[in-house]
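Subject: Structure handover

Hello,

Here is the structure you asked about. Please open it first, then read the notes below.

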Amino acid sequence: MLDSPKYLASAYPERTRVITGILIELLNDAAVVGIAVMFFPILKKQSERLALGLVGLRIIEAVTLVVGKISALSLIAVSRQYLEAGSPDGGPFQALGASVLGGRHWAGQMTAVFFILGALIFYDLLYRSKIVPRFIPVWGFIALVLLIIGNLIGEPGMSQEFQPVMLLYLPIVLNELFLAVWLMAKGFNASADILQPQHT
């Protein structure tokens with residue numbers, strides 16, 4: 001809805017949908033940090049420095065995600081003033097709305113940078129620790145390359161129809177879903193060296 005050309009006219013009347021959607025997305029933002037924190041005790045046995053780096057990058061990623069949500073919430077106030085002014089064409093409301101959306105866009109771009117950096121560390125640690133089959137992090141590395149290409153080409157807006165560039169985002173989505181299902185169904189590889197008890 002916020003990517004629609006009529007977002008100024010719809011953001012305030014549809015504020016309940018906007019706020020509900022943002023609250024749901026905030027659960028994802030919390031999970032971004034939570035996953036890194038839960039993996040930390042295991043991955044630090046492979047490299048504590050990289051495991052700490054992963055947690056730090058995920059925190060920064062979550063902060064940029066939240067900034068994008070705040071921008072979306074501010075559109076509700078802009079939309080209300082726009083409607084109270086009689087929905088004028090042009091003028092300061094369109095400029096202010098475009099500025100808010102611009103902030104949301106750049107927050108999304110920064111989020112992608114920190115996600116990619118964090119994912120590189122995550123897949124590196126998964127690959128070296130062998131706590132999951134190595135094809136999963138290898139798949140992740142390939143998916144990240146495609147994700148980077150997709151971001152360089154330019155992310156299509158949510159309101160646009162299907163474009164081939166969208167296919168470049170699919171492998172990373174499938175990889176993350178597959179990893180989650182694998183961990184729930186199979187768990188960690190118990191024979192991995194870092195999971196073996198340390199004898200003194």
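A helix axis here is a line fitted to C-alpha atoms over the stretch in contact, and the angle between two axes runs from 0 to 180 degrees between N-to-C directions. Two packed helices are described by that angle and by the distance between the axes. Keep in mind that this is a predicted model.

**Helix packing**

Start with helix H5, residues 135-153, and helix H6, residues 170-185. They pack at an angle of about 155°, and their axes are 8 Å apart. Angles over 145 degrees count as roughly antiparallel. H5 and H6 are therefore roughly antiparallel to each other. The crossing of H5 past H6 is left-handed.

**Salt bridges**

Side chains of opposite charge can pair when their charged atoms come close. The cut-off used is a Lys or Arg side-chain nitrogen within 4 Å of a carboxyl oxygen of Asp or Glu. By this rule, there are six salt bridges.

Look at Lys 69 next. In its salt bridge with Lys 69, the closest N and O atoms are 3.6 Å apart. Lys 69 lies in helix H3 and Glu 25 in helix H2, so this pair ties together parts that are 44 residues apart in sequence.

Now take Asp 29. Its side chain meets that of Lys 69 in a salt bridge of 3.2 Å, N to O. Asp 29 also lies in helix H2, so its pairing with Lys 69 in helix H3 ties together parts 40 residues apart in sequence.

Are these residues buried or exposed? Lys 69 is buried, with a relative accessible area of 9%. Asp 29 is buried too, at 4%. Glu 25 counts as partly exposed, at 41%.

Another salt bridge joins the side chains of Glu 61 and Arg 58, at 2.8 Å from N to O. Both sit in helix H3, three residues apart, so about one helical turn separates them. Glu 61 and Arg 58 are both buried.

**Nonpolar patch**

Last, the surface. Ile 19, Leu 23, Leu 26, Val 66, Ile 70 and Leu 73 make a nonpolar patch of about 470 Å². Helix H2 (15-43) and helix H3 (48-84) each supply at least two of the patch residues. One of the patch residues is Ile 70, which lies in helix H3. Ile 70 counts as exposed, because its relative accessibility is 53% and the cut-off for exposed is over 50%.

Best wishes

Technical notes. Residues are numbered from 1 along each chain as its sequence is written. This is a predicted model: local features need pLDDT of at least 70, side-chain atom pairs count only at pLDDT 80 or more; totals for chains, interfaces and linings use all residues. Side-chain values use heavy atoms; hydrogens and water are left out. Patches are made of residues with over 30% relative accessible area and no salt bridge: like charges are joined within 9 Å, nonpolar side chains (Val, Leu, Ile, Met, Phe, Trp, Tyr) within 5 Å. Accessible areas come from the Shrake-Rupley method with a 1.4 Å probe; for residues, only the protein chains shown count as cover. Helices (H or I, at least four residues) and strands (E, at least two) are DSSP runs, numbered from the N terminus. Buried means under 20% relative accessible area, exposed over 50%, partly exposed in between (1.4 Å probe, protein chains only). Angles under 35 degrees count as roughly parallel, over 145 as roughly antiparallel, 65 to 115 as roughly perpendicular and the rest as oblique. A crossing is left-handed if the near helix is turned anticlockwise from the far one by less than a right angle, and right-handed if clockwise.
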